[in-house]
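Welcome, and please get your viewer ready.

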Amino acid sequence: MKRSILIAALGIAFAGAALWVFLSRGKNRRAVHLKYRLGGALLSLMALASTACDGGSFMTSCYDPAPPATLEVHPTQEIRTDVPMDVRNGDNIGFTVYDGTSTYKGITLVITDTAQGELQRQSFVLENGYQDVFMVLEVGDYEGVVLLNVYVETVDGELKQYFVAPFMLNVIAQE
């Protein structure tokens with residue numbers, strides 16, 4: 001209630017200052033200065049008053065912000081970056097990919113070893129906003145720990161590493 005009265009009083013004072021500026025044809029510096037100060041105070045008070053009626057969020061606007069470029073990539077298995085997961089040739093390694101804004105056009109899975117370099121690479125085109133991708137492990141006779149890096153490709157063709165640390169896989173021999 002107090003805010004409403006204060007807003008009404010500032011509105012009346014602002015209208016009076018605007019009339020003063022109009023009658024002086026904008027040549028009175030005090031009138032122009034008073035009008036700007038009252039207008040600023042009126043806008044500030046109205047912004048603060050709007051936060052009380054919408055549940056406490058700071059600013060309300062009639063414009064919806066653009067949704068952020070959301071991309072979520074989740075492994076379908078319990079793959080970790082600190083402990084290697086045992087895998088064999090022929091095992092599926094999968095990820096669930098969700099692209100909320102169609103900002104990305106592909107995902108690339110790369111398996112590397114520090115001694116031999118790249119062992120396997122497979123790229124997938126993201127067709128829908130939600131997609132499961134699976135890579136069949138085929139690293140030949142290699143045995144030991146390898147790193148699985150996940151890269152995403154933006155619409156403009158730039159490849160970026162998605163996870164900060166690569167996943168660790170321990171390739172073991174077939175039985």
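## Stop 1: the open sheet

Start by selecting β1 together with strand β3 (residues 92-99): the two run antiparallel and are joined by 5 bridges. Keep in mind along the way that this is a predicted model. To see one of the pairings up close, pick P75 and look across to β3, where F95 is its bridge partner.

You have an open sheet of 3 strands in the order β1-β3-β6, paired in the antiparallel sense. Which strands stand at the edges? They are β1 (71-75) and β6 (130-136); each has a single partner strand, so one side of each is left without a neighbour in the sheet. If you look along the sheet, the twist from one strand to the next averages 20°.

## Stop 2: a glutamine in β6

Stay with strand β6 and select Q131, which is found there. Is Q131 buried or exposed? Its relative accessible area is 19%, and the cut-off for buried is under 20%, so Q131 counts as buried. Show its side chain next, and draw two distances. One goes from the Q131 side chain to the backbone oxygen of V125, at 3.3 Å. The other goes from the Q131 side chain to the backbone nitrogen of E127, at 3.0 Å.

## Stop 3

Next, select strand β4 (residues 104-113). Of its 10 residues, 9 are buried, so the strand is largely enclosed by the rest of the structure.

Which strands pair with β4? For a landmark, pick Y104 and find T154, its bridge partner in β7. Then bring in strand β5 (residues 117-125), which runs antiparallel to β4 and is joined to it by 8 bridges.

## Stop 4: out to the surface

Zoom in on L23, which lies in helix α1 (residues 2-23). With a relative accessible area of 63%, L23 is exposed, whereas Q131 from the second stop is buried.

Methods:
Residues numbered from 1 in each chain as written. Predicted model: local features only at pLDDT ≥ 70, side-chain atom pairs only at ≥ 80, totals over all residues. Heavy atoms only, no water. Helix = DSSP H or I, 4+ residues; strand = E, 2+ residues; numbered from the N terminus. Buried < 20%, exposed > 50% of the residue type's maximum accessible area, 1.4 Å probe, protein only. Pairing = 2+ DSSP bridges. Axes fitted to C-alpha atoms, helices over the stretch in contact; angles between N-to-C directions. Polar contact = N/O pair within 3.5 Å; in protein donor to acceptor, adjacent residues only side chain to side chain.
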